[in-house]
Amino acid sequence: MVQQSGKTPDISVRNLTVGYGTEKVLLQDISFDVRPGEIFCIMGGSGCGKSTLLKHIIGLYEPMAGDIEIFGRSIVRADEEEKQELMRHFGVTYQGGALFGSMTLGENVALPLEEYTQMSRAEIAAVVAEKLKLVGLEGLESYMPAELSGGMRKRAGLARAMALNPRLLFFDEPSAGLDPITSAELDQLILRMRDQYGATVVVVTHELDSVFTIADRVVMLDKKSRSIAAEGDPFELREHSENAWVRAFLNRGGFRGAERRREKSQRTEAEEK
Amino acid sequence: MIGMREVVETFREPVVFIGRVAGVFPHLFHRRGLRRREFLYYLDLCGARSLPIVLAICYLMGLVLGFQAALQMRKVGTEIFVVDLVGFSVLKEFGPLMVAMIATGRAGSAFAAEIGTMKVDEEISALETMGISPAAYLVLPKMLSMLIALPVLTVFGDFAGIVGGLTVGVTVLDLPMAAYCSRTMEVLDSVTFLLGVVKSMVFAVLITLAGCYCGFRSSADAQGVGRAATSAVVSSIFLVVIADAVIAILYSFIGY
């Protein structure tokens, strides 16, 4: 299923088991790779553990078993300092943006720069302006997060994640709670990040529109079997997956919709008689 | 019977938390180790804004204390000892204790709610994945401003309490103000006063740790944040009272 390529993967997940506590296993023994420069989507129904999987990959949770390597270094076995060092090499955009409410937009984006670079104030201000321009929020440095709309907050979160020019970006449900147009704009932004900066992007989502717009490859997580139901090109999977559930998911449960329409028309026919 | 294991588990988390906080103190000496604006914000919240309520409560405390003492002392005709009683009680116990209670209600609960809300909004996760230690970033400014605010408030509280006693002495007992003042200067010493102020620094550490710890432990929902604020207040009052008892015993060893 996995196509071999010469390049070493940016992320490699090996025999990973994740769950809550000691009993409740969400995903068992899963393995996959994310290759440099691709946009990789993690999909699945509600409650299948896709957000939890993401939080394991970015090192917030410890897995029950297995290993996760980022740029060839294990984030599972790293001690606290190594982990912090590793975390600086990627950016994460959270569902609600996760901006720090007590700081302005500009200060939010400046924070990683202040912490990890030796830049002067003027240089930091220039980078902040550039990053905000990138996400279409130029000139809003002095706004507080509470004064922004949900979409703007997400984009600001992206600007902050991009501050240190990471090679790897994670998105947790970028389109959740956004209207279709804003969500499409965010998709274009994600594509631009990859095309202009050569970033590898991992997106957790269940929005089909956005998957078909941006994804090079997807993994579909299955709640019942607690494993990967399918992995590959989304268009390919939609048409040719051996798994009927995967085809249905990617067709927006199309067959059920068709059935409903048929039932409805039969009912109206019966009533007319 | 509670096994050794449970006991160890119960204390493991708080001890780990204290260790983390202690471990980040060297950050203070780094270039941008402490965010000045945050520090000033908390200094304002825990210090300046608490001053009116501290003055009011300590004054009333001194008043009540003086009044109760007066009722008893009058029976044996030793009204002047009201000065001693009010003075020592305020400096040794009521000043630091009342300030700690007010700080618990104002700052401890605010710390827990603030950190809990940050957890709900994934701000804590965001800090972590930026490679920034939440303990360093969130606890240090609070701890430092509490360590400055509480002793200063205690000084004001002590003064207000003694003025409360003086009010009773002059009005109820008809003592001359000069007599009350000179007796106060005569019996109270600076060591007693300083020991009370030092005690308030211990309370500052306990209140900050309890507030932040409960915030970090909060479950990520609205009710969780509410529970975190409640448990921050309850546990820091408990800790403060325990510490007060222990310190009273320790101080008695050095003769105060």
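1. Basis. Residues are numbered from 1 along each chain as its sequence is written, while chains are lettered from A and ligands numbered from 1 in the order in which they are written. The model is predicted, and local features need pLDDT of at least 70, side-chain atom pairs count only at pLDDT 80 or more, and totals for chains, interfaces and linings use all residues.

2. Overall build of chain A. Chain A holds 10 helices and 10 strands (DSSP runs numbered from the N terminus, helices being H or I of at least four residues and strands E of at least two). Its C-alpha atoms fill a box of roughly 80 × 45 × 40 Å along the principal axes.

3. The open sheet. Four strands of chain A form an open sheet in the order 2-1-4-5 with antiparallel pairing (two strands pair if DSSP finds at least two bridges between them). Strand 2 (24-34) and strand 5 (73-74) of chain A are the edge strands, each pairing on one side only. Strand 1 (residues 11-20) and strand 4 (residues 65-70) of chain A are antiparallel over five bridges, and A:Ser12 stands opposite A:Glu69 in strand 4 of chain A.

4. A:Pro174. This residue lies in the loop between strand 7 (168-172) and helix 6 (180-197) of chain A, and A:Pro174 counts as buried because it has 26 C-beta neighbours inside 10 Å (buried requires 20 or more other C-beta atoms within 10 Å, exposed 12 or fewer, and partly exposed lies in between, with C-beta atoms placed from the backbone). Leaving aside neighbours within four places in sequence, A:Pro174 is in contact with residues including A:Thr93, A:Lys154 and A:Val203 (contact means C-beta atoms, placed from the backbone, within 7 Å).

5. Between the chains, 11 residues of chain B are in contact with 15 residues of chain A.

Technical notes. Contact = placed C-beta atoms within 7 Å.
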